[in-house]
Amino acid sequence: HAKRSGRNHYQLFEAAMNTRASERLLLAGDLRKAVEREEFFLCYQPQVCLNTGRITGMEALVRWRHPDRGLVSPAEFIPLAEETKLILPIGEWVLRTACRQNKAWQMAGYQPMRVAVNLSACQFGQPNLVAMIKKILADTGLEPRYLNLEITESITMNNVERAIATMHEINELGIGISIDDFGTGYSSLNYLKKFPIQTLKIDQSFVRDMSDLHHDAAIPTAIIAMAHSLNLKVVAEGVETEVQQQMLRERGCDEMQGYLISRPLPSDEFERLLHSMMTAEQTIVN
Ligand code: C2E
Ligand code: MG
Ligand code: MG
Ligand code: MG
């Protein structure tokens, strides 16, 4: 009896797996069409200086409006895009759109600020990456210092020396590099010292530990101290509460990003934020 129900469970499991696999296959097909049909758009989340409360930059985050499913989360489609290599055209579209939008805001008279764009490991491994970035900057007219590239530690998994060489080339263009989700990857401190990067982003899981309840700031404290001794800037991600903001400020964290300040906003709403900054005194943190 137990055996039979065990097998039933297995069959159910197998059926669920097949459904999931075919779901993913369907979604991958849709993703391919989404590139041509331009179903993507970008949201922008402000990054704020913890000392002055001023917006120093924004992170561009891609969104997919699926014709039937509505909004599909990047947590779902980015891994799929990476597996299918569709991240290459999608990533190029993201980079171009973010640079064009940032330049347009500067031309409209808003205070210039940097835009951070996420790069997948597979984009980073492309031999034409630097040429592509150069071309996008030339086409859009955005100055390189207003672009920042966010990479994760996994980028260096295959070939560390090559990854470092690419980082140098990006730096030579005048573009800054941040390590995203810092503390969740596997890069050794030895490599970290060799990386030509400017910023560490503390992963939101560590920021979450600094809850009103737990007050556990052990890892953010260590990351901030280490980053500063390596002359790196620190940005905290996923800041949702005043307590977290206060604890980060006390520890000398440079910038933060999170729902406490703003969710990622579609471009028209982000522009309204820029506009209110211009008319008010540009400070959005108390
Ligand atoms: P990420 O680069 O670490 O981006 C931060 C994520 O945290 C974003 O999720 C953002 O919406 C979310 N977030 C921001 N503030 C808060 C907060 O206070 N609380 C919480 N709970 N979450 C917050 P999103 O937009 O869903 O993106 C998820 C991930 O997808 C990104 O993580 C990034 O790894 C990837 N991604 C997004 N856009 C792109 C892209 O254009 N290219 C690539 N390669 N990856 C992207
Ligand atoms: Mg990021
Ligand atoms: Mg992150
Ligand atoms: Mg992340």
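Metal donors are taken here as N, O and S atoms within 2.8 Å of the metal (3.2 Å for Na, K and Ca), and sites may look incomplete because water is not among the atoms. In this predicted model, local features need pLDDT of at least 70 and side-chain atom pairs count only at pLDDT 80 or more, whereas totals for chains, interfaces and linings use all residues. Side-chain values use heavy atoms, with hydrogens and water left out.

Along the chain, the donors of the magnesium ion (ligand 2) follow the spacing E-x58-N-x31-E-x29-D. These donors are Glu59 (OE), Asn118 (OD1), Glu150 (OE) and Asp180 (OD), which coordinate the magnesium ion (ligand 2) at 2.0 to 2.2 Å. Distant parts of the chain are linked by the pair of Glu59, in strand β2, and Asp180, in strand β6 (residues 176-182), which are 121 residues apart. Helices (H or I, at least four residues) and strands (E, at least two) are DSSP runs, numbered from the N terminus. Glu59 counts as buried at 4% relative accessibility, and Asp180 likewise counts as buried at 7%. Buried means under 20% relative accessible area, exposed over 50%, and partly exposed in between (1.4 Å probe, protein chains only).

Turning to the aromatic side chains, the structure holds 7 aromatic pairs. Rings of Phe, Tyr and Trp (its six-membered ring) pair if their centres lie within 6.5 Å; planes under 30 degrees apart count as stacked, over 60 as edge-to-face and the rest as tilted. One of the pairs joins Tyr44 and Phe270, whose ring centres are 5.9 Å apart with planes at 50°, so this pair is tilted. Because Tyr44 lies in strand β1 (residues 40-49) and Phe270 in helix α11 (residues 267-279), the pair ties together parts that are 226 residues apart in sequence. Tyr44 and Phe270 are both buried.

Trp64 and Phe77 form an edge-to-face pair, because their ring centres lie 5.6 Å apart and their planes stand at 80°. Trp64 belongs to strand β2 (residues 55-66) and Phe77 to helix α2 (residues 74-83), so the pair ties together parts 13 residues apart in sequence. Trp64 is buried, with a relative accessible area of 0%, and Phe77 is buried with a relative accessible area of 0%. One aromatic cluster is formed by Phe40, Trp64, Phe77 and Trp93.

How values were computed
Residues numbered from 1 in each chain as written. Chains lettered and ligands numbered in written order.
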